[in-house]
Amino acid sequence: MPENTASPENTASPENTADREAGAARRTLRLGVAGPVGTGKSSLIATLCRELSGGLSMAVVTNDIYTDEDARFLRSAGVLAEERIRAVETGACPHTAIRDDITANLDAVEDMEEEFAPVDLVLVESGGDNLTATFSPALIDAQIFCLDVAGGGDVARKGGPGIGGADLLIVNKSDLAPHVGVDVEQMVADAEKARDGRPVLALSRTDAASVARLCSWVREVLAAHRSGAHTPQDPGPMAPHSHGPEDAGHGHGHGH
Ligand SMILES: Nc1nc2c(ncn2[C@@H]2O[C@H](COP(=O)(O)OP(=O)(O)OP(=O)(O)O)[C@@H](O)[C@H]2O)c(=O)[nH]1
Ligand SMILES: [Mg+2]
């Protein structure tokens, strides 16, 4: 680049460098929670709000296809001020709004970050999907993928981008394991094998030690995010799919 193109904007003065670093180290950690329908995503978010909102400024965005059911559940749980919980009605298959066209979610996240500034932690719940939904790293900084023991002990071996690449894999509702004949330790071991050493946590909202481990993980990621040591990872796109015979290929309004 010719020397005389230097302008006040692109001169690396100490002030400009400091501004850029401050911008890069955004205070708020945006944490996504994805996973199949009914695996306990909203309950996990309610638990995090209950445990962490005393010390952290928090907000929640939920995604439902047709309703604001999850937001209403969280508001009624009384774990966070109602106005800090927003619903995005996706109106289409859930991964679209968290991966392909993230505008509605990003608007909700940024609105609350501005309104309740400073915000430490925004939790974004994906609409319940199958095993394929993952968040775009343009929307969130880190993501949890949530399975439950009632879905079967072999689910952890089935793979997919969330199981393989999310920052944390939760094997939820471990209290139900004896009732559904699942060996939680084996399920965790299978999941660890599928994840190249990324963390796996057996969780039950009735097991205080497991809840404490979840909270420690969130605090560690928040600290790493603030220090610049955490880099958002993309677990990879969902598998190609269709929504029925009339939807051969990708005729459902969006491409993957
Ligand atoms: N036994 C047990 N049940 C749980 C636990 N966590 C959640 N549940 C129950 O599992 C069911 C589904 O929980 P939700 O938190 O609504 O699950 P979700 O993944 O948000 O569901 P969708 O948003 O519909 O996909 C509810 O009946 C919860 O009460 C747990 O740790 N143990
Ligand atoms: Mg939910």
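Predicted model: local features only at pLDDT ≥ 70, side-chain atom pairs only at ≥ 80, totals over all residues.
Student: Which residues point one way from strand 5, and which point the other way?

Tutor: Ala142, Ile144, Cys146 and Asp148 point one way, while Gln143, Phe145 and Leu147 point the other, and all of them are buried. Residues are numbered from 1 along each chain as its sequence is written, and chains are lettered from A and ligands numbered from 1 in the order in which they are written.

Student: What makes something a strand or a helix here?

Tutor: Both are DSSP runs, numbered from the N terminus: a helix is H or I over at least four residues, and a strand is E over at least two. On that basis the chain has 9 helices and 7 strands.

Student: Why is Ser204 called buried?

Tutor: A residue counts as buried when 20 or more other C-beta atoms lie within 10 Å of its own, as exposed at 12 or fewer, and as partly exposed in between, with C-beta atoms placed from the backbone. Ser204 has 22 others within 10 Å, so it is buried. You'll find Ser204 in the loop between strand 7 (200-202) and helix 9 (208-227).

Student: And why does Thr103 count as exposed?

Tutor: Thr103 has 10 C-beta neighbours inside 10 Å, so it lands in the exposed class. Thr103 belongs to helix 5 (residues 103-115).

Student: What is Ser204 in contact with, leaving aside its neighbours within four places in sequence?

Tutor: Lys173, Ser174, Asp175 and Ser210. Contact means that the two C-beta atoms, placed from the backbone, lie within 7 Å. Take Lys173: it is 31 residues from Ser204 along the chain, yet their C-alpha atoms are separated by 4.6 Å. Among contacts in the chain between residues at least 6 apart in sequence, 74% join residues at least 24 apart.

Student: How do you know that strand 1 and strand 4 pair?

Tutor: Two strands pair if DSSP finds at least two bridges between them. Strand 1 (residues 29-34) and strand 4 have 5 bridges, in the parallel sense. For instance, Gly32 stands opposite Val124 in strand 4. Strand 2 (residues 58-64) also runs parallel to strand 4, joined by 5 bridges, and there Ala59 faces Val122.

Student: How many bridges link strand 1 and strand 5?

Tutor: There are 4, again parallel, and Ala142 is the bridge partner of Leu31. Strand 5 (residues 142-148) pairs with strand 6 (residues 168-172) over 5 parallel bridges, with Leu147 opposite Val171.

Student: In what order do the strands of the open sheet come?

Tutor: The order of the 7 strands is 3-2-4-1-5-6-7, with parallel pairing. Strand 3 (85-89) and strand 7 are the edge strands, since each pairs on one side only. The twist averages 20° from one strand to the next.

Student: What makes strand 4 mostly covered?

Tutor: For strand 4 (residues 121-125), 5 of its 5 residues are buried. Leu121, Leu123 and Glu125 lie on one side and Val122 and Val124 on the other, and both faces are covered.

Student: Why is helix 2 called largely enclosed?

Tutor: Because 10 of its 12 residues are buried, among them Leu44, Ile45 and Leu48. Helix 2 (residues 41-52) spans 16 Å from first C-alpha to last, close to the 16 Å expected. The expected span is 1.5 Å times one less than the number of residues.

Student: Why are helix 2 and helix 9 called roughly perpendicular?

Tutor: Their packing angle is about 75°, with axes 11 Å apart. Axes are lines fitted to C-alpha atoms, for helices over the stretch in contact, and angles run from 0 to 180 degrees between N-to-C directions. Under 35 degrees is roughly parallel, over 145 roughly antiparallel, 65 to 115 roughly perpendicular, and the rest oblique. The two helices therefore count as roughly perpendicular.

Student: Which residues meet there?

Tutor: Thr47, Leu48, Glu51 and Leu52 in helix 2 meet Val211, Cys215 and Val218 in helix 9. They divide into 5 nonpolar, 1 polar and 1 charged. Nonpolar covers Ala, Val, Leu, Ile, Met, Phe, Trp, Tyr, Cys and Pro; charged covers Asp, Glu, Lys and Arg; the others, Gly among them, are polar.
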